Amino acid sequence: MTVYYSKEHEWIRVDGDTATVGITDFAQGQLGDVVFVEVPEAGKALHKGGEAAVVESVKAASDVYAPVGGTVIEGNQAVVDEPSLVNTDPEGEGWFFKLTLADTHELNDLMNAEQYKGYCESL
Amino acid sequence: MSEQLLPLDGWHRRRGARMVEFAGYQMPIQYEGIIAEHRWTRESAGLFDVSHMGQLIVAGPAAEQGLAALLPADFAMLKEGRPKYSLLLTAEAGIIDDLMITRRGDHFYLVVNGATKAGDIEHFQAHLPAGAVLDHMKEQALLALQGPKAADLLARLAPGVAELGFMTAGAFTLGGTTCWISRSGYTGEDGFEISLPAADAERIADMILDQPEVRPIGLGARDSLRLEAGLPLYGHDLDLTTTPVEAGLVFAIARRRREEGGFLGWERIAAELENGPIRKRVGLVVEGRQPVREGALVVDGEGNEVGKVTSGGFAPSLDAPIAMAYVPAAMAAPGTIVELAQRGRVHRGTVTAMPFVPHRYHRKGAPQ
C-alpha cells in the first residue's frame, strides 16, 4: 500500500487498483472548520482533474478535483454526516471517496510523502 | 493600497493568529478556529481587535448643525454619553457608511468602518461647514469585549463599567489608562467597546486576556456572530445602492427627522416610507447543510434573478446555514420560501425574522 500526494493537497492511498482519496492535514488546516462535504456516488466515472467532491468551511467553498481517473466505488457517508471528521482525522476517517483506478500510470505524476512535505514547506 | 499594520499586529501573531488582508490592514481571521471562537464568545467572553475602524472627532461651534445636515439622528435627543447608530447617506439615500455617534462634552465621537473611513472623512470634509473641525484619531486603538461574562470580568479591571446599560458610555480607568468604554458591540451579546491609546493597547489587551473567561477572537467569528445577530455588514449588506428603508434600518432615522428632513437623502427616504421600498433586506434559513454565500442569486420559478444574497455562511449556534439577501418586497414576509442559485444549483431558503439568535443586550430596567 502506497500513499501519494497531489499539488492540490489530496492524498491517494493505493492498494492494488483501488485508491482512497481525501484531503491532507495541511489542506484542512488551511480551510479551517469544515461544515459541508459532498462526495461522488458509487459508479460515477471521474476523470483526472475533473470535479469530484465539494468541501466547504465556515470561510469558503472549495472543489476537490480527482487526482487520478477511475470509477467511484464508494463515497464516504461518514464525512457527509459529520463534516468535522475532515478536521479531526483528515488522512483517516475523513476520507472522501474510493475508486477503481482507470490508469495506474497517472500515479506517476503524484508526489510521495517526502516530496509533498517539501512542497508544503515551499508554499 | 499597501497593507498597514495595526497596533496589535505582533500581539496577534504571538497568539497564533492567522492573518489576512482586510480593509487595507493585516488582521487576524482566526486563532484556534472560527467555530470554537464563535461558541466561546456566546458562552463566555471574546476579545476582538477592531482598531481598523475609524475613530473620528467632530468639534467646533458648527459641529452639531453640520452633522445634523449629514446624519438622520435627532441631535436634540442625542444625550451625553449615549451612542446612537446612524448612517452617512448620499443625496439619493445610498448608504456611504454606517457608524456610531456619541455626544461627548463639547464634541462628537464617531466610529466608522475601516474599509470606508477614508471616503467618510472626505465626505465630512466636503460637507461640514467652517466652524466644524474633523480629527481622525489615528493614535487610538479599539477593542471589543463581547459575551455574557464580559461585564463581570471587565468590572474587575475597570470598576464602574457594570453600571453602564446597553448603548451608554463613559470614561473609565483601565490599567491606569483613561479609556472611553461603551456598552455596545456587534455580536448580539452583552459587551463593551473600548477606545484606548494605541501605545497602551498591548498592555491592556494582555490584562483583559489574562482573565480566565477571555479568549482572543478573529474576524471569522466576528462575521458569523454578527450574521446570527442579524446585523448588516457594510460593503456586503449595505452599500451605495441600498437605502436605509430597503435595509430595514428605519430605526436609525429619528422620528422628527423623518417628518422634517433637512439631511442628505431625505426625499427618497420619505418616499420609500410612504410607498414602501421595492426590495427589502431579509434573513434566510437555508435548507440542508451547504452554505449559500454572498453573490448567490435569488431566483423566481422561471429562474429569473429577482434578488441577491449579500451575506451567507454557516451559523455555529444554529448548526445550519443562514444568509441575508435583498428580495422584492412581495417576497419579504417571514415564512416565504425563496430559491437561491449558486454554482449551478438551486437551494431553498425560508425568509426568517432576524435576529436568528436572540440578542442578549444588558438593558437597564429590563428583567435579566
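Which residue in β19(B) does Val338(B) stand opposite?

Modeller: A word of caution before the details: this is a predicted model. Val338(B) stands opposite Gly349(B), a residue of β19(B). The two strands concerned are β18 of chain B, residues 337-342, and β19 of chain B, residues 345-352; they run antiparallel and are joined by 6 bridges. In general, the strands of a sheet pair through hydrogen bonds of the backbone, and the pairing can be parallel or antiparallel.

This pair belongs to a barrel in chain B, closed by 6 strands in the order β14-β17-β16-β15-β18-β19, with antiparallel pairing. From one strand to the next, the twist averages 45°. A helix also packs on the sheet: α7 of chain B, residues 219-228, touches β16 (305-315) and β17 (320-328) of chain B. The direction of α7 makes about 120° with that of β16(B).

Now the chain around the barrel. Chain B contains 9 helices and 19 strands. Buried residues account for 49% of its 368 residues. Of the contacts in chain B between residues at least 6 apart in sequence, 66% join residues at least 24 apart. The C-alpha atoms of chain B fill a box of roughly 65 × 50 × 50 Å along the principal axes. A compact globule of 368 residues would have a radius of gyration near 21 Å, so the 20 Å of chain B agrees with that.

Finally, the other chain: 8 residues of chain A are in contact with 12 residues of chain B. On the chain A side there are 4 nonpolar, 1 polar and 3 charged residues.

Key
Residues are numbered from 1 along each chain as its sequence is written. Chains are lettered from A and ligands numbered from 1 in the order in which they are written. This is a predicted model: local features need pLDDT of at least 70, side-chain atom pairs count only at pLDDT 80 or more; totals for chains, interfaces and linings use all residues. Helices (H or I, at least four residues) and strands (E, at least two) are DSSP runs, numbered from the N terminus. The radius of gyration is taken over C-alpha atoms; the globule rule is 2.2 Å times the number of residues to the power 0.38. A residue is buried if 20 or more other C-beta atoms lie within 10 Å of its own, exposed if 12 or fewer, and partly exposed in between; C-beta atoms are placed from the backbone. Two residues are in contact if their C-beta atoms, placed from the backbone, lie within 7 Å. Ala, Val, Leu, Ile, Met, Phe, Trp, Tyr, Cys and Pro count as nonpolar, Asp, Glu, Lys and Arg as charged, and the others, Gly among them, as polar. Two strands pair if DSSP finds at least two bridges between them. Axes are lines fitted to C-alpha atoms, for helices over the stretch in contact, and angles run from 0 to 180 degrees between N-to-C directions.
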